[in-house]
Amino acid sequence: MTGKAFLWAAAVAAAGLAAAAGAPRASAEDLVIGEIGSLTGPAAAFDKSVVDGVAAEIKDWNNRGGFKGGKVTIELLDDGSNAVDAVTVYRKLAQDKRINVVIGASPSPSLLAMKAVSDEFAIPTIGTATVAQLGKPAAKYFFRALPSTEDYMSGLVHWVKAHGYHTLAILNPSGATGQSEATLLKKLAPAAGLKIVAAETYNDSDTNFTAQLVNIRNAKPDFFYCGIIGGPSVTIFKQLKQLRLTMPVAIHSSSFNPAFYAGIGGIAQAEGVYTPIERGALASSASGLTLDLFKRASAILGHPATNLNTAGWDTAMMVEHAIETSDGTRDGIRNAMEATKDLPVIGGVMSYAPDDHGGKDERSIGIGRMVGGRIVEAK
Amino acid sequence: MDLATFDQFALSGLVTGCVYALVAMGFVLCANVSGVVNFAQGEYVMIGGLVTASLVGLGVPLAAAALAAVVLGAALGFVQERLTVTPIRRAPMFVQITVTLAAAVLVRSVALVVAGKDPYGLPGFVSDDVFEIGGAILPYQVLLVWGATAAMVGGTGWLLGRTALGRAIRCVSINPLAADLMGIDSARISTLVFTASGAMGALAGLVMVPVTSVSWDSGIEYGLKGFTGALLGGFRSPLRATLGGLAIGLAESLSAGYISSQSKDIITYGALLLYLMVQGGAFAVGRRRGDHAEAH
């Protein structure tokens, strides 16, 4: 080998080594976190608020000095509420050598699609949805941030039982989420000593819910979980009132929104209604660290943080914790995340284990009650 | 059997049944004068409800909003007939059906873009209170639904049976060629019926909003159930189609109440399938396939 050729070979080898060394490690000066959000499409109505919550926490992190004195930034890509596009943008983020962790603020189908390829991409990823399968069985690089549907239903059942009720009626839509809730309640309620006296179903395209509601009224339950989601929620709630169902009622937390209030004739119509909800939504009436974090989030957002905002904030807090307690490489962040136990966040605590990448659990679920136009913790 | 519970199921079934009945009547009238089964029929109901609720939400007085909705429904029927039905009247049946389905998707998509996906509601036109009848509890708005349906069915019956225009419509529906030879402008009759059908659908939709709310996709369910009612009625007589629509509303409410809310569509459509097979001679005793043809 001539001297010139040797120099070329050395230069190429050095460049290769530099690239290899640079690939897994985040820069101390400018840490980039990847994020996939549903900024357009049907899920945008929910996920934009989650994205706002993530951005608020990252801003808070920077206000506290950032990562080792450097600024933390977000590379945010839109999946259009579409699972195929979610995998496409996920691949793009995974191939970006500056990025060593990804937050998925997307609906369950997108996150399930991302989980399926997460081992291939080998980048720690944390998703903000409630489907149990996101956390169990555990995929090496994929983590769920929010409590699962089972945690919500379990929290509801235990609260109902603890408050002296003995019988329960349920009404759920025929879609996947609704039937998942119905199946869980039929399993969890008897185990907790509650008897289900009526279990009714409706289709989103239905226009008449009288039969279901009359059957529930005739069954005389102590407590009624009305798992209304989306389209017909307003009609069902109005018919529920018209048919004089007087027992305590809990509805799905997603139904507490401005369109629902407008449809039922004002927020006052929902007075006294319960909902199983993540504790982040109840943080304004909490104390200690929870309240402190809630105030910080609200100050940055410019309004009281919503349930979805706190979900995003808590997810970003988990990412911050994993980065700060690791060497900043992809595997280091993954290992730190998996080793996390009871990290306090606004909406409860987050824990992971090698066989359970579920994040929040039933401890993060509270029962909220609409009182004077605000959701407060039901005592 | 608890009579109050039966009354509740039956009367509430008759409320949604009214809308199915009016849609079914529209299906039959339009099909008989044009030869085209119009699958956009349910969208007239959606447009009526959505336009009224949207305008009221913008501060327009209810009466003006309702009038605008009926006019828009009529205009939609008119435009649909002129642009998508007249040009394909002699096309094969599958082309006609595809075109009306495409028209329905188009109307629905425009509604989604303009009004968004959230449902729209309205308070009762007179009151949000309820009244009791035979132990059943119903909102006062259902009186308007029943009244509007009775008026539209009665008015259509009177028009068809007692007026020269009605005779012309019946004549076109029996034999368009003979009607043309008798000096009746069958194309004009077809346009008129589509326009009236659009207006009636819109009126049905707007009186239902306080009872069921409305969203961009509400027309699918009304169209499907109305079509089923029209099939039950034999697709010839508007009155029988009306009864078919009412029967569908009643059947789905009673089956949801007494059998299972999860399987009410199985029961409703299963019964329809059985009825059509019986009507078609599937269970005729002593006949084999081909007997009917041989008899001719």
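Me: Which strands does α11(A) lie across, and at what angle to β11(A) does it run?
Reply: Helix α11(A) lies across β11 and β12 of chain A and runs at about 145 degrees to β11(A). Angles run from 0 to 180 degrees between N-to-C directions, and axes are lines fitted to C-alpha atoms, for helices over the stretch in contact. Helices (H or I, at least four residues) and strands (E, at least two) are DSSP runs, numbered from the N terminus. This is a predicted model, in which local features need pLDDT of at least 70, side-chain atom pairs count only at pLDDT 80 or more, and totals for chains, interfaces and linings use all residues. Residues are numbered from 1 along each chain as its sequence is written, while chains are lettered from A and ligands numbered from 1 in the order in which they are written.

Me: What sheet are β11 and β12 in?
Reply: An open sheet of 3 strands, with the order β11-β12-β13 in chain A and antiparallel pairing. Two strands pair if DSSP finds at least two bridges between them. The edge strands are β11 (343-345) and β13 (356-359) of chain A.

Me: How many bridges join β11(A) to β12?
Reply: 3 bridges join β11(A) to β12 (residues 348-353) of chain A. A:P344 has A:V349 in β12(A) as its bridge partner.

Me: Back to α11(A). How do α11 and α12 of chain A pack?
Reply: Helix α11 (residues 307-324) and helix α12 (residues 330-338) of chain A pack at about 115 degrees, with their axes 8 Å apart. On α11(A) the contact is made by A:M318, A:A322 and A:I323, and on α12(A) by A:I333, A:A336 and A:M337. Contact means that C-beta atoms, placed from the backbone, lie within 7 Å.

Me: What classes are those residues?
Reply: The contact has 6 nonpolar, no polar and no charged residues. Ala, Val, Leu, Ile, Met, Phe, Trp, Tyr, Cys and Pro count as nonpolar, Asp, Glu, Lys and Arg as charged, and the others, Gly among them, as polar.

Me: Other topic: how many residues of chain A are in contact with chain B?
Reply: 22 residues of chain A are in contact with 25 residues of chain B. Helix α7(A) gives the largest share of chain A's side, 6 residues. That side divides into 7 nonpolar, 13 polar and 2 charged residues.

Me: And what is the strand order in the sheet of 5 strands?
Reply: The order is β2-β1-β3-β4-β5 in chain A, with parallel pairing, and the sheet is open. Strands β1 (residues 30-37) and β3 (residues 99-105) of chain A pair over 5 bridges.

Notes:
Contact = placed C-beta atoms within 7 Å.
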